[in-house]
Amino acid sequence: MSADVSRRDFARLAGAALGAAAGAKSTAAAENETAASADRHAPAPFPKGFLWGTATSSYQIEGAVDEDGRGKSIWDIFSHTPGKIEDGSTGDRANEHYHRYKEDVALIKALGVKAYRFSIAWPRMFPDGSGQPNPKGLDFYNRLVDELLANGIEPYATLYHWDLPQVLQDRVGGWRSSDTSKAFADYAAYVAARLTDRVKTIFTVNEVGRFVNFGYGWGIDAPGPKLPAAQLNQARHHVALAHGFAVQAIRASGRAGTRVGAAENIAACVPAIATPENIRAAEIATRELNAGFLGVVLEGKYTDGFLAYAGADAPKFTPEELKIIGTPNDFVGLNIYAPQYYVTASDRASGFRVLPFPASFPHMNSEWLRVGPEVIYWAPRLAAKIWNIETIYISENGTSSEDKISADGQVYDLDRIMFLRNYLTQMQRAIAEGVPIRGYFLWSLMDNFEWIFGYGKRFGVYRVDFETQARVPKLSAAFYRDVVARNAIGV
Ligand code: BGC
């Protein structure tokens, strides 16, 4: 059976959902009300004021790598190294967002979301990593922030989404040195002093669990190569230190009330069967498996289990550093995609057992992206309990999809809609039970440079033709617009 949806049908669907931009808001709202009252089984709405957003990062979308005084980042060097990126591509051009940012802000607005999480390219601000700032770099983010605010979209800025200035890599070995942590503090202070009159929320670092482990542990992300465990743990410690320094620097140089926290791809543990014993085991596992970053940030110390496991490879640190790392945060950002560990209770000293994944476990269009919607229920619930967190943002969630263009020119990404519907339902379950999730940032606004996969994996709700740079809403854009407009998941 073929899904025979005509161009007009699609336009109607997308129009109902994307109509706000075209001035059709009242019709859409009326349709939504009718739909909601007609369906008694519709899930309860999200709390009033729940923050809906979308996200991107600098190297993945900006392009313009040689313009206006930008320095090189470790990803420029890495992506230009033959064999590192699956399709041989680079972020040189990417989405040309540096020049098309106004058009992209209009895309965000058309989704109806109130928040946009973007990242600032450190090498645009400080081409030498530290020292002399580049005012033209700041100009770009000033323009972007102003454009967002003019369109009623709140900017959420991330300081580090992996594009470390290459000079810091060359000079001190990047995160292998605490000099990089100090340079990060100066960069954070500079940004805070100039943007926090308009940017109220800052994420320091994005996904330490990914960029440290992949970049230094396995050497498959920038900068590589693979380092021994002791150096890997030390690099992670320097990132935690950088985060702590940045929290303090933002408080010292930013406008009072600026909120700051990290965005972490929490090692997400799910009880294989939700018995009280397994839930407890998942809680223990969450604490131990995140001890190297989230744990030390939120507790101001490494767990005994972490230190014992690392043994002679444990990071070297001082009590003063732990104090800096443990500076209180205003929120915790969790990037949640796939369940990483299904666990059960165990008599072993650790108290938990990690189960092996069967090869038949379903995944999305990215092989690592196993489908387990309940992860977005369990990870925030367990994290909130362990660390007493009062404000959580889901700072990223989303999926890649094949995203082929149909004969009618549209993209019917039904698998992405399935994924989002199920994950959002589980997120709502958590919120209904009192887990303090205050906002959600869909990854991603538009297809972009997906790191080692190049342009081969598409995560956007807007499709991007990287030849013409045309952006086209996929069906999932209409789906998300509908969720945002109703503040509830349509069934
Ligand atoms: C990262 C993004 C990435 C996305 C999908 C996260 O790991 O923060 O930069 O594109 O997931 O892989």
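A cavity is here a set of grid points, taken over the protein atoms alone, where a 1.4 Å probe fits but cannot get out. In this predicted model, the count by this rule comes to four cavities of 30 Å³ or more, and the largest cavity holds about 40 Å³ of space. The lining of the largest cavity is formed by Ala262, Ala263 and Glu264, by Leu294, Val297 and Leu298, and by Asn329, Phe331, Val332 and Gly333.

In the side chain of Trp443, an N or O atom is found 3.2 Å from an oxygen atom of the ligand. Of the 310 Å² that the ligand exposes when taken alone, the protein buries 98%.

As to confidence, the protein chain has an average pLDDT of 93, and 91% of the residues score at least 70. Over residues 1-34, however, pLDDT stays under 50, although the model has 38 contacts beyond four places in sequence for this stretch. Where pLDDT is low, the predicted coordinates should not be read in detail.

Note on methods
Residues numbered from 1 in each chain as written. Predicted model: local features only at pLDDT ≥ 70, side-chain atom pairs only at ≥ 80, totals over all residues. Heavy atoms only, no water. Polar contact = N/O pair within 3.5 Å; in protein donor to acceptor, adjacent residues only side chain to side chain. Areas by Shrake-Rupley, 256 points an atom, 1.4 Å probe, with all protein chains shown as cover. pLDDT = per-residue confidence, 0-100. Contact = heavy atoms within 4.5 Å. 1 Å grid on protein atoms, 1.4 Å probe; cavity = no way out; pocket = protein on both sides within 12 Å on 5 of 7 lines; lining within 4 Å. Points joined across faces, edges and corners; volume = space filled by probe spheres on them.
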